[in-house]
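Please read them with the structure open.

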Amino acid sequence: MPGITHNPPPPTVDPAVLASAQDFSTATISDCLDRMAVLHGLRPFHRQGRLLGTAFTVRVRAGDNLAIHQALEQVRRGDVIVVDGGGDTSRALVGEIMKAIAESRGVAGFVIDGAIRDTDAFAGSDFPCYARAATPRGPFKTGPGVINGPVSVGGWTVSPGDVVVGDADGVVTFPPALAPRLIEAVRAQSAREAEVLALIQAGRYDGRYAQEAKG
């Protein structure tokens, strides 16, 4: 049977870095990372709530979730299970049972480049889950797969230990080493946008957003 490659878990991320990103929108983060960093094509399936945590990456064969089951035995509290399913939507990679396992172990959420099922369970919950589609067809469990290696999700490379942020718009990721510079840039961009909104509300908008803003 094809095996699952297990790499060491990523370093933990400074809680202060995660706390700093708590209130940043994915749109502003993406703007400040050259409009990149977006896991394109994924949408939220949960009721509401933000996603914030550290990437625990999994790469699987299309329609096979054996590696995800094994990842659930290794995750730490606050990890986000980020799955490279190759964008295949013919079979669901996670459902209600795996959601319950993940929640019981303190997982921060799922990011699945593939399909899920049992969408009512996700829609009635605030456990963050982003995926490409839904289907009732179940997965294979034969492998192969890789745990904690670089993955490609929605056209963007995610490395183990990257910071993962999700909101109603979608999901972005970035390496923790970028956090100090990124946080400063996001705060500056947010202040500029707040100023523009204030000018609009006061009836004094001067067109500056078209020339200087990034969104």
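1. Does Phe 127 count as buried or exposed? At a relative accessibility of 5%, Phe 127 counts as buried, where buried stands for under 20% relative accessible area, exposed for over 50% and partly exposed for what lies in between, with a 1.4 Å probe and protein chains only. This is a predicted model, in which local features need pLDDT of at least 70 and side-chain atom pairs count only at pLDDT 80 or more, while totals for chains, interfaces and linings use all residues. Residues are numbered from 1 along each chain as its sequence is written, and side-chain values use heavy atoms, with hydrogens and water left out.

2. The structure holds 1 aromatic pair, a pair being rings of Phe, Tyr and Trp (its six-membered ring) with centres within 6.5 Å, called stacked if the planes are under 30 degrees apart, edge-to-face if over 60 and tilted for the rest. The ring centres of Phe 110 and Phe 127 are 5.4 Å apart and their planes stand at 85 degrees, so the pair is edge-to-face. Because Phe 110 belongs to strand E6 (residues 109-116) and Phe 127 to the loop between helix H5 (119-123) and strand E7 (129-134), the pair ties together parts that are 17 residues apart in sequence. Phe 110 is also buried, with a relative accessible area of 0%.

3. On the overall fold, the secondary structure comes to 7 helices and 12 strands, which are DSSP runs numbered from the N terminus, helices (H or I) having at least four residues and strands (E) at least two. The radius of gyration is 18 Å, close to the 17 Å that the globule rule gives for 215 residues, so the protein is as compact as a globular protein of that length; the radius is taken over C-alpha atoms, and the rule is 2.2 Å times the number of residues to the power 0.38. Buried residues make up 48% of the 215 residues.

4. In helix H4 (residues 96-104), the buried residues are Met 98, Lys 99 and Ala 102. Viewed down the axis of H4, they fall within an arc of 105 degrees, so they line one face of the helix, the arc being that of the directions from the helix axis to the C-beta atoms. Ile 97 and Ser 104, on the other side of H4, are exposed. The cover over the buried residues of H4 includes helix H3 (66-71), strand E5 (92-94), E6 and H5. Just after H4, Gly 106 takes a positive phi of about 80 degrees.

5. Asn 65, in the loop between strand E3 (51-60) and H3, counts as buried at 2% relative accessibility. Leaving aside neighbours within four places in sequence, Asn 65 is in contact (heavy atoms within 4.5 Å) with Leu 93, Met 98, Pro 139, Phe 140 and Lys 141; Met 98 is one of the buried residues of H4.

6. Helix H6 (residues 179-201) has 23 residues and reaches 32 Å from its first C-alpha to its last, close to the expected 33 Å, the expected span being 1.5 Å times one less than the number of residues.
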